[in-house]
Amino acid sequence: MFSIVKILLFITGSCLAFNNKTFPENFKFGVSTSAYQIEGGWNEDGKGVSVWDYITHYKSSFILDHSNGDVACDSYHKLDEDIAMLKHLGVDFYRFSISWSRIIPTGRVNQGVNLAGVNYYRNLLKKLKENNIDAMVTIFHFDPPEQLQAESMFVNGSLNSLFVDYARMAFLLFGKDVKYWVTFNEPRGVCCDFLERFSLQPGRDSYTCTHNIIKCHAQVYRMYDEEFRADYGGSVGIVLNTNWDEPASDKQADIDAAERKLQFEFAWYADPIIHGDYPELMKKRIKQFTLPFMPDRLPKFTEDEKKYIKGTADFLGVNHYASSYVSDKPDFGLFRTFEKDVGILMTYDPAWNTTSLDWFRVTPFGMRKILNWVHKNYKIPLIITENGYVDGTGDLNDDGRINYLQSYLSNVLDAMYIDKVDVIGYSTWSLMDNWEWTSGYTQKFGLYYVNFSSPNTERIPKKSVSYYKKVVESHCVVDECE
Ligand code: GAL
């Protein structure tokens, strides 16, 4: 009997064991979206064709439900409704992205700027300001103009100057109203997940693509510093995504594999930007798998470049959703891909809850661990720029999302108060259900449900709206904080 009571107490205790500290007064809460996923208006008022307009129209078999973002949440026409939701939630900031082809239809500034597109973002920024909501603007969230053939231009480096022109135009047009700029969202997604699949030189192109993106990021940061910071006083960062990678066993090979995955995925970008060069572990490992007479696959920064790139972030944006177990997967074959260079196997604990996406696991402990790992390596203010719960139904009674938010935020508090990690903001993905890339409309991450089958794309608050609103207001994840 005694042991049953003890077990019951343990179970209840562990369910209730949320951190009851209050987030600091100056901690910022937000919600995130991106242009292609919500705007619609894909060919309106002079907008150019983006790479996703092209893929969804001409290669729709890549999209699970063959859908597209032609209308999506129709945010292009529903600015006031979007603002009303943000106001209701009471968030401190709104993270959204600019569609490059909406403001510069061909991607090249010297071929013309689209005033109607500019006005859409100006209006959005004006309304955010009227409601005291800061703007966090992502310059590149996966949707470059199709004409540019950006993937290959990232590999040969020719996109950099066009991107810098575009970013300068964004700073000129919107800079006075933007508090946080993000140069790139999840650049690894562009260089690996997408490019590696279609590349003629896998295992080489993704490294070159990353090399150019890092240089491009640094150029944009320096430009803001030199030309705009004094007038506008904003900050500039980059958003990187990562799982927490837990070693699958206490074998040294698995411990090394888990660290290697973090190094190849996160440090690959963060090390140059914060410390000036690629991680030693990566350099050694790639060299080890390159024959002596073959050229290096990982490009090198010159000493001048290292100095120029080092320190080009005022904050790091971290997108984090889930964790995995990682074990070593040796592969000594000569034909190398990025994946083979990393050389790991990912698995999941059957006890970890999952929902509708294969990589998604509810693993709140991973939030605290990844924040610690990032802090240990970079010592820079962190903003959690994406974190959220997915289901396939868009259920209005989304207790699963409430539990997820509560347990992950509780781990953010642990990281801040117990481990002294410098986290300054948190933004959940996403304000509303939207078009989820190759999953189309089959996956729902929103606090608000969106009725995609109605011409009015009505938004309806899910139960999690009241929970998140309360957290934003009280800075507390439980009923009452200390
Ligand atoms: C991120 C991406 C977002 C969103 C989210 C949910 O990788 O930046 O655009 O799709 O994942 O899967």
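Modeller: Helices (H or I, at least four residues) and strands (E, at least two) are themselves DSSP runs, numbered from the N terminus. This is a predicted model, where local features need pLDDT of at least 70, side-chain atom pairs count only at pLDDT 80 or more, and totals for chains, interfaces and linings use all residues. Residues are numbered from 1 along each chain as its sequence is written, and side-chain values use heavy atoms, with hydrogens and water left out.

Colleague: What makes β8 and β9 a pair?

Modeller: Strand β8 (residues 323-328) is joined to β9 by 4 bridges, and the rule asks for at least two, so they pair. They run antiparallel, with Tyr325 standing opposite Thr347 in β9.

Colleague: Why are β6 and β9 called edge strands?

Modeller: The open sheet has 3 strands in the order β6-β8-β9, with mixed pairing. β6 (244-247) and β9 (344-347) each pair on one side only. From one strand to the next, the twist averages 40°. Angles run from 0 to 180 degrees between N-to-C directions, and axes are lines fitted to C-alpha atoms, for helices over the stretch in contact.

Colleague: And what packs on that sheet?

Modeller: α11 does, touching β6, β8 and β9, and its direction makes about 120° with that of β8. Helix α15 (residues 365-378) packs there too, touching β6 and β8, at about 95° to the direction of β6. Contact here means heavy atoms within 4.5 Å.

Colleague: Which strands make up the closed barrel?

Modeller: The barrel has 8 strands, running β1-β2-β3-β4-β5-β7-β10-β11, with parallel pairing. Neighbouring strands are turned by 25° against each other on average, direction ignored. Take β4 (residues 180-185) and β5 (residues 235-241): 4 bridges join them, and Tyr180 has Ser235 in β5 as its bridge partner. On the helix side, α10 lies across β3 (134-140), β4 and β5, at about 165° to β4. α11 lies across β5 and β7 (315-319), at about 160° to β5.

Colleague: How do you know that the buried residues of α12 line one face?

Modeller: In helix α12 (residues 280-288), Met282, Arg285 and Ile286 are buried. Seen down the axis, they fall within an arc of 95°, so they line one face of the helix. That arc is taken from the directions from the helix axis to the C-beta atoms. On the other side, Glu280, Lys284, Lys287 and Gln288 are exposed. What covers the buried ones includes α10 (205-232), α11 (252-275) and α14 (338-342).

Colleague: Why is Asp433 called buried?

Modeller: Buried means under 20% relative accessible area, exposed over 50%, partly exposed in between (1.4 Å probe, protein chains only). Asp433 has 0%, so it is buried. Asp433 lies in the loop between β11 (423-429) and β12 (448-450).
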